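Please keep the model below in view while reading.

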Amino acid sequence: MSEEKDRELRALQTALAAEHAAVYGYGVVGGRIADGRRTEALTAYDAHRARRDALVREVKDLGGRPVAASAGYALPFQVPDSAAAVRLAAELEDRVAGVYADLVRAAGGGRRALAAEALREAAVRAVRWRGESVAFPGLAERAGTAPPSAAPTA
């Protein structure tokens, strides 16, 4: 495998791991979110499941073995109520946006376009959850915040 394809495959695997974590995290969000935002949480959950499934296919198309979901993920903070669930949802979207920004840099052609679309969707969801935007969604180093870890936790 060429170095370029290997880099793209690693970025795809990282995005897949992030989607696994987001699906898990939205399970927690859904259990704590207020009724008024439950539909929004379910829509995001479904979007992440669809992205996860698409990434599995992309990894296989490049000849890789898709990274499996963990049995559980460490949450970045306690989620005892709806307000914390909203914060978690925004955090999940920020982390997913970060790995899609990396995939945009690593991929080419159609995969780059799909990664850019996924980055945009995550950034929009983060704004909806948080109520405000950041200057460079998915690019924490340019926004003056710490970058997300390579394997985000939910």
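Is D6 buried, exposed or partly exposed? D6 counts as partly exposed, with a relative accessible area of 31%, where buried means under 20% relative accessible area, exposed over 50% and partly exposed in between, computed with a 1.4 Å probe on protein chains only.

## Basis of the model

This is a predicted model, in which local features need pLDDT of at least 70 and side-chain atom pairs count only at pLDDT 80 or more, while totals for chains, interfaces and linings use all residues. Residues are numbered from 1 along each chain as its sequence is written, and side-chain values use heavy atoms, with hydrogens and water left out.

## Salt bridges

With a salt bridge taken as a side-chain nitrogen of Lys or Arg within 4 Å of a carboxyl oxygen of Asp or Glu, the count comes to 13. One of them joins D6 to R10, with the closest N and O atoms 2.4 Å apart; both residues lie in helix α1 (residues 3–32), four residues apart, or about one turn of the helix. Helices here are DSSP runs (H or I, at least four residues), numbered from the N terminus.

Within helix α3, D102 and R105 lie three residues apart and meet in a salt bridge at 2.1 Å, N to O; D102 is partly exposed at 36%, as is R105 at 42%.

## Aromatic contacts

Two aromatic pairs are found in the whole structure, where rings of Phe, Tyr and Trp (its six-membered ring) pair if their centres lie within 6.5 Å, and planes under 30 degrees apart count as stacked, over 60 as edge-to-face and the rest as tilted. The rings of Y24 and Y73 have centres 5.3 Å apart and planes at 55 degrees, so this pair is tilted. Y24 belongs to helix α1 and Y73 to the loop between α2 (38–61) and α3, 49 residues apart; Y24 is partly exposed at 32%, whereas Y73 is buried at 14%.

Y26 and W129 form a tilted pair, 6.4 Å centre to centre with 40 degrees between the planes. Y26 lies in helix α1 and W129 in helix α4, so the pair ties together parts 103 residues apart in sequence.

Technical notes
Helices (H or I, at least four residues) and strands (E, at least two) are DSSP runs, numbered from the N terminus.
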